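The tour makes two stops.

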Number of protein chains: 2
Amino acid sequence: MALGYDDLVAALRNLHDLKGALALLHWDQETQLPAGASAGRARQIGALAAVVHERETTPRFLDLVDDLAANLDHLEPPQQVDVRETKWRLDRKRRLDGALVRERAALKSEAHAVWVRARRDDDFALLAPYLARLVTIERRVAAAIDSGRAPYDVLLEGFERGATTAILDETLRKLRDGLIPLIARLQRRLADHPLDTTALGGHFAAEDQRRFNRAVAGRLGFDFERGRLDESVHPFTTEVGDDVRITTRVSEQDLRYALFSTLHETGHALYELGLDPAARGTPRGTACSMGMHESQSRLWENLVGRSEAFWRWLWPLAAKAFPALQGRSVAAALLAANEARPSLIRTEADELTYNLHIILRFELEQALLAGDLGIDDLPTAWRAKMRHYLGVEPLTDREGVLQDVHWAEGLFGYFPTYSLGNLYAAQLYDAAGRDLGPLDDAFARGDFSPLLDWLRRQVHVHGQTFQAPELVARATGAAPSAEPLLAHLRRKLEWLEAMASD
Amino acid sequence: MALGYDDLVAALRNLHDLKGALALLHWDQETQLPAGASAGRARQIGALAAVVHERETTPRFLDLVDDLAANLDHLEPPQQVDVRETKWRLDRKRRLDGALVRERAALKSEAHAVWVRARRDDDFALLAPYLARLVTIERRVAAAIDSGRAPYDVLLEGFERGATTAILDETLRKLRDGLIPLIARLQRRLADHPLDTTALGGHFAAEDQRRFNRAVAGRLGFDFERGRLDESVHPFTTEVGDDVRITTRVSEQDLRYALFSTLHETGHALYELGLDPAARGTPRGTACSMGMHESQSRLWENLVGRSEAFWRWLWPLAAKAFPALQGRSVAAALLAANEARPSLIRTEADELTYNLHIILRFELEQALLAGDLGIDDLPTAWRAKMRHYLGVEPLTDREGVLQDVHWAEGLFGYFPTYSLGNLYAAQLYDAAGRDLGPLDDAFARGDFSPLLDWLRRQVHVHGQTFQAPELVARATGAAPSAEPLLAHLRRKLEWLEAMASD
């Protein structure tokens, strides 16, 4: 039996090496590739992805996994995790027949191109028939995987193992109902007492920002011996092999773009760097879930990076690095870092309003999959919810239902992982504070290692040993809940209100 | 039949895409990879190389190639080229049995590590037994490929299709016998009349050099929409897919390092960029040989880049880009660009002496393979030839027989391709001048397109349609010969002598 398990590990590590090469092709495409070479890169990605797929679906590999799964009792618990998680993922794959997979891939690719045009021309009608077909095919996919459960649940689980609609309904509804009045109150207050949030604007040379953000990431614990920080149009994190690479986007007019995207991606990277190297390539050496990954990025970006203690440490360094900050105060910088205002575009939304953007999408996509909402009614439903949740309404679909690519790529059940991330982040951060005592003094000294060590112990090192809800429960002593996040956002709102009344 | 050929092209293109991914893994390793991630990168390269090897040796692919080769008459001439060259390469591979391939790979890897230590500690005795085993195994490899020919010929052909020991004996001996008295004369002259070759030294900011060399490469015809210029410890060129990447090494004390390595690698890159895109991935879309590749780099580096006309164009730009050049003259710069002096290290050798370094290695490795020279006698033989050919003698083996990695990697028959490159370069350059008229005026204006267009037509676009000797003959009207190179070097020597008598 142990022999079979060793074979599994060898096969998984070989796949992991090939997937690392694939990750490099993508990373290079976003950061290095000359413009005229993109067709060749697409071919290379296609060729290597086909190799990976082939190896993941050879009968020999599938039989090995099945044999091990049928004799789980003969394995040690950690080995059981690797077999169970590998089998779960493979089973989802092989329940889809080749024709369905090809039809779905072709449709997604076509729909993506249509979405680009539809958004450019603000023409929802162009995309609508594709969305309808995408909903239909994702329902078929869900039925092929598990016809006994609601399609949305099956799809959701593909992005967030262990999540259910029931859990989301419960937690996200609480979050929504708590947030709506908070946001409305903030909006009224800001209308009367606008806050000056310009303290991080001006002119900041890109090269100075690069140096500064490298230093910040390093101080949080990002290891440049095992990672890189580069630039790309959309910031991202990727594990290439033994190294983890993050990117940022620099605006020379506003320090916040590069700083907060660096903090965000550093959070993702610290998770990858904290996985157990002895479990490389196996589920135990792989991040738990998308929501858990997002919790790590959001924790460093929002809970740490927008805190007063963090800015007490950062401000003197920033003032030294950027002459344009001369004469400004740390209090003004903290306000700029926490600027909040209801807005139309999710990716530009602030910490207070972001989750309502997600909840809106979660509710709409759930209704689409359940057949409770028709595609043609989507733009109207979108606008109504925006008005209700955030008090703003897009004048165009480009700024509304067409803004995100996800649905045009058939990604239904993906959005909630963003809010789960925020929710886990707040709950973990509270628990770390309880375990370690107040972290503010350490932050103000630029010492983030107690928090990082706690996260490594409680989250990173476990990989996929536990599903996200259990991992949260073990780390915090309670099931995932909206309360910690809501409490955090309420405190932030009260602080902003106090500032706005000065 | 055409169907089979299309299948071949599809298979070759798939291999080409996967090899492009492999090239990216290597490029990234030399230019981007964090130090702590090298073990993971080695695994990824191993995993992907195994995939490529597997695909190249599947019975289906081999049968396809054999079938096509057995029915060559049914194909068009260009298709015949692709089949013939593919089969030739595959046949060499499949004649080696798996045990031999593994034994050889293990020995090379071990010997490489030993070479690093031997060179560091100046301890030839440490490496000697490995060299002996490498010679033995390369003889076995040669015998497995073709037991009817001299081992050295078989190995040589693996690096330079179409080359034979007889051709090399003839051309390189002429070159050697012509060069030795020239070099000796130069050395005597310089002893009495040293030349001031410091005009390109001083302090030059790396960033300024980067900008300058990018502009120079672009002016020669390097297309940054399809290529990159980066930095690495050892400059190199690699075709990644639809793009070609070159690297350079910058010394802030001496403009020549980055400039001439940029010219050299640009030459390699222009060849890759000039291959026929319609023949992508097939032998007709692949560079002819290593020697021909080197001819393109040397042509731009030496024939163009060290010419008076080139410096007439370059000097005003350089003087503007680098304040440290203020008050110096183009004549002095040209002398610095053409500094020549017998020295110990091949990679630092100048245009005049370089080929004697190669010829020395060619003669020694030929004797090793033929059994005419024992490993233990190698250091002594090395020193004797250095003294005879270049009038200098290393005090240590580190500066002698241990300086190059090639033999420790089992690369016997590789060195001559460097001199073939120089030889082809001079012959092609002469022919271009005959066809196009004097190129100097165009160079002095910074116009290199007539020369590049000629090289594209005469060399690049043909890929492997002709073997190197035939390609040279078609382009120049004569078989490859040492005469044009010797004549060029003689002119250069006479000019240097004239300078040294001023």
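Start where helix 14 of chain B crosses helix 15 of chain B: the crossing is right-handed (the near helix is turned clockwise from the far one by less than a right angle). This is a predicted model; local features need pLDDT of at least 70, side-chain atom pairs count only at pLDDT 80 or more, and totals for chains, interfaces and linings use all residues. Residues are numbered from 1 along each chain as written, chains are lettered from A in the order written, and side-chain values use heavy atoms, without hydrogens or water.

Select residues 354-370 and 378-390 of chain B: these helices pack at about 145°, axes 10 Å apart. Helices are DSSP runs (H or I, at least four residues). Now show side chains. The contact has 11 nonpolar, 1 polar and 3 charged residues.

Next, select helix 8 of chain A, residues 165-192. Zoom to A:L179: a kink of about 25° lies there, shortly before the proline A:P181. The bend is the angle between axes fitted to the seven residues ending at a residue and the seven starting there.

Notes
Axes are lines fitted to C-alpha atoms, for helices over the stretch in contact, and angles run from 0 to 180 degrees between N-to-C directions. Helices (H or I, at least four residues) and strands (E, at least two) are DSSP runs, numbered from the N terminus. Ala, Val, Leu, Ile, Met, Phe, Trp, Tyr, Cys and Pro count as nonpolar, Asp, Glu, Lys and Arg as charged, and the others, Gly among them, as polar. The expected span of a helix is 1.5 Å times one less than its number of residues.
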